[in-house]
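Here is a short report on one structure. Take a look at the sequence and the model before reading on.

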Amino acid sequence: MDEPTRPGTPHTLPAVDLQRRLEAGEPLRIVDVREDGELALARLPHAVLHLPLSRHRDWLPQLETLLDRQQPVVVLCHAGIRSWDFGCWLIQEQGYGDVWNLKGGIDAWSREVDSQVPRY
């Protein structure tokens with residue numbers, strides 16, 4: 001399930017494991033860091049907090065109220081690279097502890113979990 005991580009980096013979460021955790025009712029906070037147009041093309045069929053990286057000045061002042069430090073955070077983007085960087089930032093700069101990166105992003109979700117989610 002979880003691949004070994006280096007200190008200061010998020011855990012890696014394969015798409016099928018995220019699906020299992022969601023189906024089990026785990027209280028995960030899913031954060032999508034893609035841009036508006038990307039979210040319009042493809043999205044998870046679950047509630048997500050949309051924090052587009054290009055608009056960080058808009059949401060950064062409210063980050064503490066948007067993300068509960070006691071709740072696991074799963075971050076996603078298109079392929080898992082921007083979300084990895086964001087996850088590292090959450091841990092290293094903001095002090096969040098339980099941070100996961102969706103391995104392969106929304107593209108992996110489409111390939112491995114739900115082919116109804118469009119690929120782009």
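## Thr9

Thr9 sits in the segment before strand 1 (11–13). Strands (E, at least two residues) and helices (H or I, at least four) are DSSP runs, numbered from the N terminus. The model is predicted: local features need pLDDT of at least 70, side-chain atom pairs count only at pLDDT 80 or more, and totals for chains, interfaces and linings use all residues. Residues are numbered from 1 along each chain as its sequence is written, and side-chain values use heavy atoms, with hydrogens and water left out.

Thr9 is buried, at 11% relative accessible area. Buried means under 20% (1.4 Å probe, protein chains only). Not counting residues up to four places away in sequence, Thr9 touches Trp84, Cys88 and Ile91. Contact here means heavy atoms within 4.5 Å. A polar atom of the Thr9 side chain lies 2.6 Å from the backbone oxygen of Arg6.

## Tyr96

Tyr96 belongs to the loop between helix 5 (81–92) and strand 5 (99–102). Tyr96 is buried, with a relative accessible area of 3%. Beyond its neighbours within four places in sequence, its contacts include Leu63, Glu64 and Ile91.

Arg69 is 27 residues from Tyr96 in sequence, yet their C-alpha atoms are 5.9 Å apart. The backbone oxygen of Leu67 is 3.3 Å from a polar atom of the Tyr96 side chain.

Five strands form an open sheet in the order 1-5-4-2-3, with parallel pairing. Strand 1 and strand 3 (49–50) are the edges, each pairing on one side only. Two strands pair if DSSP finds at least two bridges between them.

Strand 4 (residues 73–76) runs parallel to strand 5, joined by three bridges. Val73 has Val99 in strand 5 as its bridge partner.

How values were computed. Buried < 20%, exposed > 50% of the residue type's maximum accessible area, 1.4 Å probe, protein only. Polar contact = N/O pair within 3.5 Å; in protein donor to acceptor, adjacent residues only side chain to side chain.
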